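Here's a set of exercises to work through with the model open beside you. Try each task before you read its solution.

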Amino acid sequence: MDTEQVKNVVLVHGGFVDGSGWREVYRLLTDDGFRVSVVQHPTLSLTGDVAVTERVLDTLDGPAILVGHSYGGAVITEAGNHERVAGLVYIAAFAPDKGESVNTLIADPAPGAPVPPILPPVDGFLSLDRDKFHASFAADLPVAEAEFMADSQVPWGLDALSGAIGEPAWRHKPSWYLVATDDRMIPPPAQRAMARRAGSTVTGTDAGHAVYVSRPDAVADLVRQAAADV
């Protein structure tokens with residue numbers, strides 16, 4: 001790895017899950033000599049999750065590639081304004097513009113697009129229908145692994161869903177986007193549209209929404225590319 005490349009990588013998970021899903025991506029990148037941090041934000045509110053991410057960035061000794069999956073894309077869109085962020089990598093993620101939230105981005109799905117099986121909120125938190133979790137979130141993972149993810153869901157706060165972006169970092173910093181072409185949570189055409197709007201360097205892989213678990217190699221490859229190109 002070129003000594004001039006960015007050495008720090010910060011991984012930000014999405015809704016309904018925690019940072020443990022990044023394990024193989026973490027392994028691949030640390031094996032390459034990157035210093036990788038995994039943010040364990042509680043997904044209670046966008047503001048809170050951005051603050052947790054910024055605290056991790058504050059601890060770094062140099063520039064970083066900031067990586068977000070799904071809702072984590074909204075987090076990095078705001079937290080990416082941090083001075084230590086050199087580039088943004090979106091993994092089948094939301095990339096909202098100023099004033100947008102995940103809620104506004106999913107409010108008007110295209111005809112025929114898959115609709116995520118999000119259950120009605122309970123006490124201000126959302127969850128995915130356990131029986132539909134495998135098909136929607138983790139279709140290309142083994143049944144047992146998908147069942148574990150379904151049963152270990154992290155409640156997703158409505159304040160996280162509705163949190164609006166102040167200033168999108170992708171307007172000022174380079175970005176890369178990995179489209180999961182078999183995604184049944186965020187339709188691939190919507191992923192491509194967000195990536196195009198952000199001016200991201202786009203690649204795709206044949207995977208479902210949990211691409212960071214099922215195809216850690218593809219995720220790590222894009223992070224390596226971002227670190228080399230910034």
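Val154 sits in the loop between α6 and β6 (156-157); helices (H or I, at least four residues) and strands (E, at least two) are DSSP runs, numbered from the N terminus. Before going on, note that this is a predicted model: local features need pLDDT of at least 70 and side-chain atom pairs count only at pLDDT 80 or more, while totals for chains, interfaces and linings use all residues. Residues are numbered from 1 along each chain as its sequence is written, and side-chain values use heavy atoms, with hydrogens and water left out.

**Exercise 1.** Find which residues Val154 touches, not counting residues up to four places away in sequence.

*Solution.* Start with contact, meaning heavy atoms within 4.5 Å. On that basis Val154 touches Phe16, Val17, Asp18, Pro42 and Thr43. Next, take Thr43: it is 111 residues from Val154 along the chain, yet their C-alpha atoms are separated by 8.0 Å.

## The sheet

**Exercise 2.** Work out the strand order of the open sheet, and say whether the pairing is parallel or antiparallel.

*Solution.* Step one: strands pair if DSSP finds at least two bridges between them. Step two: reading across, the six strands go β2-β1-β3-β4-β7-β8, and the pairing is parallel. Step three: β2 (35-39) and β8 (201-205) stand at the edges with a single partner strand each, so one side of each has no neighbour in the sheet. Finally, the twist averages 20° from one strand to the next; axes here are lines fitted to C-alpha atoms, for helices over the stretch in contact, and angles run from 0 to 180 degrees between N-to-C directions.

**Exercise 3.** How many bridges join β1 to β2, and how many join β4 to β7?

*Solution.* Five bridges join β1 to β2, and these strands run parallel. Within this pair, Val12 is opposite Val39 in β2. For β4 (residues 85-91) and β7 (residues 175-180), also parallel, there are four bridges. Here Val89 is opposite Trp176 in β7.

## Helix against helix

**Exercise 4.** Describe how α5 packs on α6.

*Solution.* First the geometry: α5 (residues 130-137) and α6 (residues 143-151) pack at about 120°, axes 9 Å apart. That makes α5 oblique to α6 (under 35 degrees is roughly parallel, over 145 roughly antiparallel, 65 to 115 roughly perpendicular, the rest oblique). Then the residues: Arg130, Phe133, His134 and Phe137 in α5 meet Val143, Ala146, Glu147, Met149, Ala150 and Asp151 in α6.

**Exercise 5.** What is the relation between α1 and α10?

*Solution.* The axes of α1 and α10 (residues 216-229) come within 9 Å and cross at roughly 45°. The two are therefore oblique to each other, and the crossing is right-handed.

Note on methods:
A crossing is left-handed if the near helix is turned anticlockwise from the far one by less than a right angle, and right-handed if clockwise.
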